[in-house]
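Me: I would like to learn how to read salt bridges in a model, and then how to set them against the chain as a whole. Could we work through one together?

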Amino acid sequence: MKRLSFFMMGAVLALSVTACGNTSSSSNTGTQFTTVYYYHPISPGAPKNPFNATGNSFTSFDKMQLAWSADSATNLNKFYPGLAQKWSTNANGTTATIELQPNAKWSNGKPVTANDVKTSMAVAFTQGTAQSFSLGSVKVLSQKKVELSQLPGSKYNLFLHDLLQQTVVPDFQYSGQLPKNIWTIIQQSQYSGTDKTKAALATKAQGELTALGKKITQFAPQTDISAGPFVLQRLNPGEAYLVKNKYFYANSKVKVDSVSLRNYTGNQQIWNYLTSGQLDAAPFTAMPQNVLNNIIRVKNNQKVVSPSYVAASLAFDQNFYPYGNTNVRKALAYVIDRNAVQKIAEPVVGTPAKYTDGMIDSVAKNWIDPSTQSKMDPYNLNISKATSILKKEGFKKTNGKWIMPDGKPWTMNIYAVDGFSDWIQGAKVISTELTNFGIDANPNIVSSFAQYQADLAAQKYAVGFWLDSLGASMYTAFGRIYGLPDGYNVVGGKLVHYTQKDKTQGNWIGLPETLKLATGETVNPGELTNELNTLPVSQQRSNVQKLALTTNEYVPVIELWDYVNIQFVNTSRFTNFPVHDMGLMNNQPGVWMSLGYVNPKSSK
Amino acid sequence: MKDFSIRLIWRIFSGIIMVLVVASLTFFLVRMMPGNPVDAQYNQLIMQGMTPVQAQNQVRVMYGFIPHSSLASQYMTYIANLLRLNLGQSVSYEGVSVSHIILNAAPWTLILVFTGLVASFLIGVLAGVIAAIKRSSPMGTTLTISGSLLHGVPQFVMGLLLAYVFTTLWPILPFGAPYDSSIAAGFNLPFVSSLISHAVLPVATYALSSYGGWLLTMKSSVITVLGDDFILASEIRGLKAATRVRYIAHNAILPLFTLFTLSIGFMFGGSVFIENIFDYPGLGNLLLKSIDARDYPLMSGAFLLITIAVIISNIVTDFLYSMVDPRIRR
């Protein structure tokens with residue numbers, strides 16, 4: 001027994017020594033940059049293919065786009081160069097000319113050419129992405145110059161914006177996956193006229209593209225061929241290791257030798273990495289105040305605040321009594337103290353919403369005219385106003401509790417999702433506020449977001465949390481309310497509205513199709529939103545004003561707080577982070593490095 | 001020998017039937033869950049800034065990986081494929097075979113749980129014998145208290161505690177990957193030490209949270225054996241203490257042997273909490289991800305592996321038990 005104990009003690013000791021000796025092996029060898037890869041899990045076995053949802057290809061490091069969006073709310077076409085050095089469009093924005101970086105090469109030394117762009121666009125058709133920005137044709141003008149046009153008759157206003165964000169893959173690797181007549185198939189698939197033969201051919205071609213999409217997604221190249229600043233060397237299920245690509249067109253600007261990308265499975269992991277000082281940069285993650293304090297306490301950790309295009313709101317299914325009554329929703333907006341809710345629910349990365357208008361406040365200030373603003377109700381906390389509205393609508397208060405006009409006591413379940421700590425806290429605070437007001441409210445937690453979405457679409461929740469104002473584009477932002485959630489969908493290029501009677505089409509908001517504004521104008525919010533998809537940005541203002549007023553007047557949701565994008569950088573090992581360029585900061589670190597940012601401290 | 005062969009064949013046959021029954025149940029159960037992979041992916045794309053039309057077009061590719069025939073026909077295909085040992089393709093890891101994903105995750109769970117299980121079993125059994133024999137001494141009391149305390153601490157609490165102490169408060173141990181990816185995998189010292197250092201925290205969590213159970217069970221078993229006549233007889237006959245301890249341990253370990261072999265079967269279920277806390281890439285973590293993405297084939301595959309492991313360990317336990325305890329063979 002003595003021998004066994006001795007052996008075990010020895011083993012434990014050896015294990016500890018070995019372990020402690022390698023504690024920071026992954027962080028670091030001076031020029032190894034460590035961050036978290038946020039977009040998808042790192043999965044050995046998944047193909048090194050950027051078109052696979054979980055493929056081992058990492059945006060901005062070894063997966064390159066034509067350009068990188070600056071995420072500007074006022075200029076959606078503001079970009080940082082990627083493989084495209086320059087770009088221009090014709091007057092109406094239907095044709096774009098791209099000039100590639102003259103020195104752009106793949107990691108095997110072969111040049112990046114216009115032909116690569118053409119093949120990448122053909123692949124984009126198989127993935128459904130090229131159709132979404134109305135790409136019609138691609139013309140190679142020279143080895144480094146390519147012209148891309150929208151479908152004849154199409155005027156999609158985000159054409160350049162979406163086009164520049166396309167991934168470019170090598171023709172020599174991917175063309176073998178496509179049939180020789182791929183462009184004929186693409187052209188056939190684009191037919192939308194009434195000729196039956198052509199329509200049948202189009203359907204067949206669309207099926208072929210879908211099948212090709214599946215084939216491309218599964219394609220597993222033997223080696224990682226990158227035109228980006230890095231190339232994948234090896235990976236395990238928790239980490240990918242990429243080394244500098246000596247053929248990268250801006251190789252001299254990249255001062256980092258290797259990059260370690262950590263897996264992301266939840267916020268907790270990022271918090272732990274940050275509090276143990278392991279990350280040189282970390283993407284945005286929601287966190288409570290005490291976690292933020294711990295992170296800031298770590299030597300050289302720095303908080304960087306940049307805009308975020310998303311707001312949290314409380315949404316109503318108007319099929320449920322009494323939420324179909326606009327005045328009831330307004331009364332609730334007066335009862336909820338948004339300042340108190342934000343302080344508890346999202347104190348670190350939130351600011352209370354000033355208006356319920358379908359936009360985050362920092363974006364609204366660029367879009368909403370003062371005259372429109374003056375017509376909006378900020379729904380400041382006003383219990384007496386709420387009381388008076390409800391009484392007018394036939395509600396009665398008995399023994400401190402509200403009784404609805406149908407004689408039943410007013411109770412409310414507020415739904416949030418397990419793991420969404422800010423929503424849960426928000427649901428608790430609002431429940432308390434409503435209960436104090438006389439509505440018996442309770443938070444209800446749903447086990448997963450997938451279930452939550454399915455239940456919302458199936459009209460199972462009267463009141464629940466929702467993310468609205470999503471994205472810098474106004475179409476995407478208002479689409480969170482007046483899109484699928486309110487029964488609007490684009491089918492075969494045409495806008496269709498499904499009422500709440502059809503429970504299979506996901507209309508869980510249930511506003512009437514047309515609404516009369518206080519200005520006397522009648523609007524169709526679904527149509528106004530859909531028009532934002534095609535109107536040039538300069539002509540969108542009128543639609544945006546009307547949609548903001550509609551949202552404010554009809555309160556399909558009560559906006560609670562706007563999120564703020566908080567990232568972290570650590571300056572122990574690297575300096576010169578693009579902390580003063582918010583558009584760049586919102587991109588992945590590979591973009592920073594390719595533009596000359598991020599220098600190892602030793603090489604300063 | 002003939003009896004043994006017949007029993008073995010019968011057990012294997014009933015095991016296969018049981019696997020098919022469980023596979024059928026899980027096939028339908030996972031598909032009854034609310035939500036679907038397309039919705040899960042669609043919303044993720046919207047969050048990444050895609051317009052609804054872009055997201056719809058993009059999930060169309062994923063849609064190609066989801067079977068669209070009737071549930072009955074899907075079930076028949078699933079069972080037919082299963083009989084050919086084909087678990088199908090994952091939906092969330094588009095186009096990657098389920099068996100490939102599972103085989104990638106299984107070794108990490110094996111390392112974590114098997115090492116933790118063996119360590120906790122050896123230490124727990126040893127400490128249990130000492131705690132029983134020295135039950136009136138301070139040493140016995142201390143061991144028993146340590147077992148009771150650790151037995152009462154849930155795995156996730158232990159994990160969070162160790163993670164906080166050794167990765168945040170005193171950050172001397174790594175986590176978040178099975179080894180440092182900058183080191184080339186192979187039988188070399190840097191790689192092996194990286195592998196060990198990354199496994200220390202999850203293995204220690206498993207071992208510490210299981211140790212108490214083994215200790216208390218062994219202690220109770222030893223105390224029962226101590227009261228048996230043959231121990232009294234061996235004392236009266238003046239046998240050496242070491243021999244007596246061997247007698248005691250041999251008889252007292254029988255119930256633990258069953259638990260141990262069954263635990264080996266259950267270990268494929270991974271240790272969901274531990275793997276999640278330390279982001280260790282085993283089956284537990286995989287199972288959580290597959291549920292989150294509503295990846296039906298992957299969920300079914302993971303559940304099936306757990307089922308098969310438990311059934312095999314049951315069969316092995318049965319046969320090994322009859323070798324360890326001759327009374328069973330009668």
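Reply: Let us begin with one pair, bearing in mind that this is a predicted model. Arg262(A) forms a salt bridge with Glu239(A), the closest N and O atoms being 2.8 Å apart. The two residues sit in distant parts of the chain, 23 residues apart, with Arg262(A) in strand β10 (residues 258–262) and Glu239(A) in strand β9 (residues 239–244).

Me: What is the general idea behind such a pair?

Reply: Side chains of opposite charge can pair when their charged atoms come close. In this structure, eight salt bridges are found over all chains.

Me: Is Arg262(A) buried or exposed, and is Glu239(A) buried or exposed?

Reply: The reading rests on relative accessible area, where buried means under 20%. Arg262(A), at 1% relative accessibility, counts as buried, and Glu239(A) is likewise buried, with a relative accessible area of 1%.

Me: Which residue forms a salt bridge with Arg541(A), and where in the chain do the two partners lie?

Reply: The partner of Arg541(A) is Asp369(A), with 3.0 Å between the closest N and O atoms. Because Arg541(A) lies in helix α19 (residues 541–554) and Asp369(A) in the loop between α12 (361–367) and α13 (370–375), the pair ties together parts that are 172 residues apart in sequence. As for accessibility, Arg541(A) is partly exposed at 34%, and Asp369(A) is partly exposed at 27%.

Me: Which residue meets Lys546(A) in a salt bridge?

Reply: The side chain of Lys546(A) meets that of Glu521(A), at 3.1 Å from N to O. Glu521(A) counts as partly exposed, its relative accessibility being 33%.

Me: How many helices and strands does chain A have, and how should I read its overall size?

Reply: The secondary structure of chain A comprises 21 helices and 27 strands. Its radius of gyration is 27 Å, close to the 25 Å that the globule rule gives for 604 residues, so chain A is as compact as a globular protein of that length. Along the principal axes, its C-alpha atoms fill a box of roughly 85 × 75 × 50 Å.

Methods:
Residues are numbered from 1 along each chain as its sequence is written. Chains are lettered from A and ligands numbered from 1 in the order in which they are written. This is a predicted model: local features need pLDDT of at least 70, side-chain atom pairs count only at pLDDT 80 or more; totals for chains, interfaces and linings use all residues. Side-chain values use heavy atoms; hydrogens and water are left out. Helices (H or I, at least four residues) and strands (E, at least two) are DSSP runs, numbered from the N terminus. The radius of gyration is taken over C-alpha atoms; the globule rule is 2.2 Å times the number of residues to the power 0.38. A salt bridge is a side-chain nitrogen of Lys or Arg within 4 Å of a carboxyl oxygen of Asp or Glu. Buried means under 20% relative accessible area, exposed over 50%, partly exposed in between (1.4 Å probe, protein chains only).
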